[in-house]
Amino acid sequence: MSAIGTMVSARGVVGQTLHELAAEHPHVWGLTSDVGDPIKAFAQAFPDRYVDVGIAEQNVVGIAAGLALEGMMPFVAGMAPFISMRSLEQNRTDVCYQDLPVRFVGWGGGLTTGGGSTHNAMEDVALMRTLVNMAVVSCSDPNMVGAVMRRSMAYEHPLYIRLGKGKSDPCIYEPETMTGEIGAGLVARDGGDATIMAHGELVAEALAAAEQLAADGIDARVVDMYSIKPLDTELLLRCVDETGYLVVTEDHLAFGGLASAIADVLVDEGVRPKGFRRLGVPQLYTGFGSAPEQWVKYGYGRDGVAAAVRELLA
Amino acid sequence: MADPAEIRRLDELSAEMRRLLLRLCGHYSGAIHIGGDMSMVELLISLYHHGMNVDPDDFANPERDRFILSKGHGAVGMYIAMALRGYFDMDEIMATYGQLDSAYGMHPCKIQLPGVESSTGSLGHGLPIAVGLAFAARQRRESHRVFCLLGDGETCEGSVWESANTAGSYGLGNLVAVIDRNKQMMSSLEGVAMNLEPYPDKWRAFRWRVVEVDGHDVGAICDVLDALPPVDHDDPNAQPIAIVAHTVKGKGISFMERNVGWHAGSLTDEQMHEALAEVDARLAERLAATGGGIGGGS
């Protein structure tokens, strides 16, 4: 566990946590479609509970479903775009229809691979959260994935755990802050003038935006809605009630992800914020470049978030 | 060689399964996948009534053989074969199939119908699931087998070959794929359909051991099932086994055989009675030919 600001590899946390969980629980398996390097230590320690199928996402998810039917708890390590899209029907029909405890651990969420649109995962949250029985969690802090994985041992349903690039990211919380509870949100910074909601790597951007706003005398709250499904509706409604204004930013299409989930709740509850803005990837296929460069280009990184809050409050 | 009395018993069960399929196809208001049901009658009967170690009274016993119906549209065939074995109430199947709130639908649902190992229906999904069951059994060093019945048509799906690749690479000797090779898909038109040959060689190329069999000869099918090598998780040369069963779509009913129009359909009363009579006539012929009619059985 690491203090705030330390750089940690979330993929490394996946590997270490899987290794620990497998030592403790004989029904934990690790599967991968040719991205097994981060779980190498687990694979070497528990070779009879590790399967690398090569580059074959449909197959790896079907096998995971078969293992879960036999009472196993498989963690499938894959790349977010492919584990959400290539195997989508297996995710739905083999895993979710049968409500099996398969864990999909996908890294490269959003535009973080820099690989261009073939490798972007900007639809994954929308696709995965629409599946009945599937929970969707997006990790902002590299250690959060470990907390969620541990917590998931008592969770008997399908679960998608989304990571950013996951190679080297700053810790944003003290370790004990992260319970990994599925269905909860986390107030990353308190404030009373407006709420910024984000998930994954955009939480750090939202915190940076809040710093900028503080310099202007605006006291912004930042909420880490890491559990996109189920959503912490109580926290959401409280924030709207207490701060009035709401900006949602995410490394995902602006429509279909967290912002849409939030908008659904607000409409259903008949709650109208004083102002609401959603930031994310517009309806286009993005080009190349690093994720932070693209967050700037499409206006949903720290500057874009701060500007949206200022506009709302103006 | 299988015992003549056993062959006779399985032939009679196969005929009974055909009669039940025909009756359901006659009175059910919707279409039944009758062509593909008929092509796998002897395979299902040989598996559920001879080859597989299963007990309907203790259907979740960890030592049971597992069965995955990858060609999920053959669900009604599986329901009937299982009901004949004692899993389900046949009258309930016949009375409620396909109706609102019935557990017996067009594609099998594990949640609604315990005894079914996995929900299936979308093609190309069964074999990867079966591979998962086989991995679990191997890791726990259990000696049961995992059987997966596939239609040959669904083996056009890439996911089948992804999992065939995995099973071959990992030497899953406890896995048996049974392929209902009836050579006709829903839209297979003479001369312009997919040609899957050299079919057995494809499985061999994925490091499977292939056995070919007449999929309507219960004696031959039982011989193959009886000769399966014991499951040995320590055998470095273990291979998954593909039983390529040569079958006829619509088998047993002259007006249905090899007629893609009967991939799915309903029967008029007249057609149903004609077909039922043919089942009885063919059974009598078969029993006479195999000597089963001379009292060697019961």
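**Cavities in the predicted model**

1. The lining of the second largest cavity is made up of eight nonpolar residues, two polar and one charged, where Ala, Val, Leu, Ile, Met, Phe, Trp, Tyr, Cys and Pro count as nonpolar, Asp, Glu, Lys and Arg as charged, and the others, Gly among them, as polar. Among the residues of this lining are B:Tyr48, B:Phe67, B:Met78, B:Pro108 and B:Glu117, and the space inside is about 50 Å³.

2. Within chain B, β1 (66–69) and α4 (75–85) each supply at least two residues of that lining, and β1(B) gives the most, with three residues; helices (H or I, at least four residues) and strands (E, at least two) are DSSP runs, numbered from the N terminus.

3. The model is predicted, with local features needing pLDDT of at least 70 and side-chain atom pairs counting only at pLDDT 80 or more, while totals for chains, interfaces and linings use all residues. Residues are numbered from 1 along each chain as its sequence is written, chains are lettered from A, and side-chain values use heavy atoms, without hydrogens and water.

4. The structure holds four cavities of 30 Å³ or more, a cavity being a set of points, on a 1 Å grid over the protein atoms alone, where a 1.4 Å probe fits but cannot get out, and lining residues having an atom within 4 Å of a point. A volume is the space filled by probe spheres set on the points, which are joined across faces, edges and corners.

5. The largest cavity has a volume of about 70 Å³, and of the 13 residues that line it, those closest to its centre are A:Arg162, A:Gly164, A:Gly200, A:Glu201 and A:Asp251. Its lining draws at least three residues from each of domain 1 (7–170) and domain 2 (183–313) of chain A, bounds that come from an automatic or database domain assignment.

Note on methods: 1 Å grid on protein atoms, 1.4 Å probe; cavity = no way out; pocket = protein on both sides within 12 Å on 5 of 7 lines; lining within 4 Å.
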